[in-house]
Amino acid sequence: MKYISTRGTAPTLSFEEAMLTGLARDGGLYLPETIPTLSPDEIAAFEGLPYEEVAFRVMRPYVGDAFTDEEFRGIIARAYDGFAVASRAPLKQLAPGHFLLELFHGPTLAFKDFAMQLIGQLFEFSLKRSGKRVCIVGATSGDTGSAAIEAFRGLEAVDVFILYPHGRVSEVQRRQMSTPSEDNVHALAVDGHFDDCQARVKDMFNDFEFRDAVGLAGVNSINWARVLAQVVYYFTSAVSLGAPHRKVSFTVPTGNFGDIFAGYIAKRMGLPIERLVVATNQNDILHRCLESGEYKPDGVIPSISPSMDIQVSSNFERALFEAYGRDGAAVAQLMEELKSGGFSVSQGAREALRESYDSDRVSEDETRAEIARQQAESAELLCPHSAIGTAVADRQRQTGTPMITLATAHPAKFPDAVEAASGVRPPLPPHMSDLYERPERITRVGNDLGAIEALIRERTGN
Ligand SMILES: Cc1ncc(COP(=O)(O)O)c(C=O)c1O
Ligand SMILES: N[C@@H](CCOP(=O)(O)O)C(=O)O
């Protein structure tokens with residue numbers, strides 16, 4: 001399996017190369033040259049299998065000869081060993097025809113653990129084999145950073161620098177990043193918002209001298225392996241509701257577009273998904289773009305769902321690449337226009353996007369009301385991101401096809417917002433019960449590429 005860039009001019013890479021590379025050298029994102037498909041019989045055979053075995057069967061076609069089957073099975077087994085529930089991604093019924101896919105039973109209580117725990121194992125295996133060392137730089141609005149630090153802390157051949165927007169993540173998220181004591185992990189509080197952090201990470205990838213000197217690698221969802229790992233739970237949940245003999249729909253709380261794009265890949269692989277619904281908070285650029293074809297970021301407004309406070313949505317580039325018939329030059333042109341304020345999607349591409357995705361947005365008041373409603377009606381305490389999902393799902397649900405909403409984080413990561421909305425303060429699970437007593441280690445930095453690069457060079461000795 002070969003991987004190509006969404007901007008069409010970077011070298012074609014193998015799975016392992018694409019995974020260790022992160023952003024393509026032309027600024028694009030890697031995607032498989034072809035998307036493998038599974039037959040209805042192959043999908044039906046997933047019924048009753050352990051999560052790890054479905055993960056192996058779904059991801060195996062993408063990894064090529066990077067690992068033997070035995071090695072890959074071992075990597076997957078170690079990745080999910082630390083999850084709190086045996087099924088890994090349990091599905092609960094919220095109401096007739098509406099199901100909640102709980103993706104927060106990993107070590108940092110968010111769906112990011114599904115991919116990050118796997119990537120941690122993949123990197124460790126690959127770097128041991130090659131004897132190389134990498135410097136991971138990531139941007140986070142709260143959950144990717146904590147999952148990355150958890151997955152890579154203490155690893156010999158890896159340094160990790162996480163840029164998060166100062167004062168714009170929840171206290172639990174911040175402490176998850178700032179309290180691990182291992183020397184190889186660094187939490188950097190940036191004066192700016194998430195889009196600034198993500199832009200600085202991309203700048204570092206586009207600074208080839210710096211990139212090569214420090215051995216830069218990325219674990220944001222610019223990394224294809226992140227998206228791939230998330231394809232698996234679309235299969236496990238749909239099969240448990242009767243796929244491939246029955247269609248299902250999904251509603252996905254969306255920010256950087258990685259999670260819903262994984263659903264799109266599952267559909268292209270043959271999973272009978274009727275609708276994929278993008279659910280946004282008040283930072284609703286994706287909803288506006290899907291409605292109007294205009295993609296114009298207009299500033300991030302802080303919300304009670306901070307992990308989705310994003311206006312420059314990284315993986316939307318992958319969706320555009322597909323919508324433009326994999327025309328890398330067209331995507332490169334749009335990304336050039338984005339630098340000067342935004343772009344308009346062509347009529348054909350817009351129709352293709354609308355065929356693949358529905359969308360809706362939820363205001364702050366509606367989010368609070370939905371947390372309270374679900375607590376009262378279904379006894380489910382939802383995090384604000386998941387509540388945005390269930391609110392949209394309820395509006396968009398059609399009779400006949402079950403709707404699965406992705407619950408992307410545990411409510412205990414956002415205790416203040418959840419308590420204010422529902423009157424109930426969700427407790428942290430036992431393995432995190434002393435989080436507020438652990439000492440923090442944070443470096444405050446300006447939104448300044450030169451200063452951030454200098455700090456990384458100094459700390460890594462490059
Ligand atoms: C809790 C939570 N929900 C939803 C999202 C949105 O996911 P994506 O960026 O893959 O669209 C994120 C982060 O991105 C998140 O941390
Ligand atoms: N919401 C994310 C933002 C980064 O997204 P990623 O999926 O590209 O890593 C976060 O929690 O950090």
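1. Let me start with Lys 112, which touches Asp 143, Thr 144 and Ala 147, leaving aside residues up to four places away in sequence; touching, or contact, means that the C-beta atoms, placed from the backbone, lie within 7 Å. Lys 112 is found in helix H5 (residues 112–130). With 32 C-beta neighbours inside 10 Å, Lys 112 counts as buried; the cut-offs are 20 or more other C-beta atoms within 10 Å of a residue's own for buried, 12 or fewer for exposed, and partly exposed in between, again with C-beta atoms placed from the backbone. At Lys 112, UniProt places the feature "modified residue: N6-(pyridoxal phosphate)lysine", from an unreviewed entry.

2. A word on the ground rules. This is a predicted model, where local features need pLDDT of at least 70 and side-chain atom pairs count only at pLDDT 80 or more, while totals for chains, interfaces and linings use all residues. Residues are numbered from 1 along each chain as its sequence is written, and chains are lettered from A and ligands numbered from 1 in the order in which they are written.

3. Now the sheet. Six strands make up an open, mixed sheet, ordered E3-E4-E14-E9-E10-E13. Helices (H or I, at least four residues) and strands (E, at least two) are DSSP runs, numbered from the N terminus, and two strands pair if DSSP finds at least two bridges between them. Strand E3 (91–95) and strand E13 (358–361) each have a single partner strand, so they stand at the edges with one side lacking a neighbour in the sheet. From one strand to the next the twist averages 25°.

4. Which strands pair with E14? Strand E4 (residues 98–102) runs parallel to E14 and is joined to it by five bridges, with Phe 99 opposite Ile 404. E9 also pairs with E14 in the parallel sense, over three bridges, and here Thr 251 stands opposite Thr 405.

5. Is E14 buried or exposed? Five of its five residues are buried, so E14 is largely enclosed by the rest of the structure. In a regular strand, side chains alternate between the two faces of the sheet. Met 403, Thr 405 and Ala 407 point one way from E14, whereas Ile 404 and Leu 406 point the other way.

6. Next come E9 and E10. Strand E9 (residues 248–253) and strand E10 (residues 273–280) run parallel and are joined by five bridges; Pro 253 stands opposite Ala 279 in E10. Helix H11 (residues 258–268) lies across E9, E10 and strand E14 (403–407), and runs at about 170° to E10. For that angle, axes are lines fitted to C-alpha atoms, for helices over the stretch in contact, and values run from 0 to 180 degrees between N-to-C directions.

7. The peptide bond from Ala 243 to Pro 244 is cis, with omega near 10°, and Pro 244 lies in the loop between helix H10 (224–240) and E9. Phe 257, in the loop between E9 and H11, has a positive phi of about 70° although it is not a glycine. Phe 257 counts as buried, because 24 C-beta neighbours lie inside 10 Å.

8. Ala 379 also has a positive phi, of about 60°, without being a glycine. Ala 379 sits in the loop between helix H16 (364–378) and helix H17 (384–396), and with 8 C-beta neighbours inside 10 Å it counts as exposed.

9. Ligand 1 is surrounded by 15 residues, the closest being Asp 143, Asn 256, Gly 258, Ser 307 and Thr 408; a residue belongs here if its C-beta atom, placed from the backbone, lies within 6 Å. This shell divides into five nonpolar, eight polar and two charged residues.

10. Around ligand 2 there are 13 residues, with Thr 140, Asp 143, Thr 144, Asn 220 and Ser 221 the closest. Helix H6 (residues 143–152) gives the most to this shell, with three residues. By class, the shell around ligand 2 has no nonpolar, 12 polar and one charged residues.

11. Finally, the annotated domains. UniProt lists "domain: Threonine synthase N-terminal" (unreviewed entry) for residues 2–80, a span that is 47% helix and 8% strand. The UniProt annotation "domain: Tryptophan synthase beta chain-like PALP" (unreviewed entry) covers residues 101–332, where the chain is 46% helix and 17% strand.

Notes
Two residues are in contact if their C-beta atoms, placed from the backbone, lie within 7 Å. Ala, Val, Leu, Ile, Met, Phe, Trp, Tyr, Cys and Pro count as nonpolar, Asp, Glu, Lys and Arg as charged, and the others, Gly among them, as polar. UniProt positions are given in the numbering used here, feature names are shortened, and annotations may be inferred rather than shown by experiment.
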